[in-house]
Amino acid sequence: WTVGARLPEEGLTVGARTLFAAELDDVPAGTARTAGYTILDLFASWQPVDGLLEGAEFRLGVENVFDEDYITAINNNRGLDFEKGRNFKFTIAKQF
């Protein structure tokens, strides 16, 4: 699920993304079960509409806000490989 809002007159976009996964317990013998999990990501971007910074874009994101330990079923290596924890991203772009 993704929800968000845009304020075009301000050049601002904000939102949140969630991923819900149920426990995977119907697995072949010798394969680890995968626990259910919920992941929350937050994001925002700002594109100034005038002034010195016009044409620039600033993006900020936080993935896995609550630093959830989880294993995706597709990456299940006998239950040993957790996905990355909380991750922060910040980018700046400028069009000329």
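Which residue forms a salt bridge with glutamate 57, and how far apart are the closest N and O atoms? The partner is arginine 59, with the closest N and O atoms 3.0 Å apart, where a salt bridge is a side-chain nitrogen of Lys or Arg within 4 Å of a carboxyl oxygen of Asp or Glu.

Before I go on, a word on conventions: this is a predicted model, in which local features need pLDDT of at least 70 and side-chain atom pairs count only at pLDDT 80 or more, while totals for chains, interfaces and linings use all residues. Residues are numbered from 1 along each chain as its sequence is written, and side-chain values use heavy atoms, with hydrogens and water left out.

Staying with that pair, glutamate 57 counts as buried at 16% relative accessibility, whereas arginine 59, at 47%, is partly exposed; here buried means under 20% relative accessible area, exposed over 50%, and partly exposed in between, with a 1.4 Å probe and protein chains only.

By the rule I gave, the count comes to four salt bridges. Another of them joins arginine 17 to aspartate 41, whose closest N and O atoms are 3.6 Å apart. Arginine 17 is partly exposed, with a relative accessibility of 34%, and aspartate 41 is buried at 14%.

Next, lysine 89 and glutamate 63 meet through their side chains in a salt bridge of 3.2 Å, N to O. Lysine 89 belongs to strand E5 (residues 87-94) and glutamate 63 to strand E4 (residues 56-63), so this contact ties together parts that are 26 residues apart in sequence. Lysine 89 itself is partly exposed, at 43% relative accessibility, and salt bridges that share partners join Glu63, Lys84 and Lys89 into one network.

Why does strand E1, residues 2-7, lie largely in the open? Of its six residues, the number buried is zero, so E1 lies largely in the open.

Conventions. Helix = DSSP H or I, 4+ residues; strand = E, 2+ residues; numbered from the N terminus.
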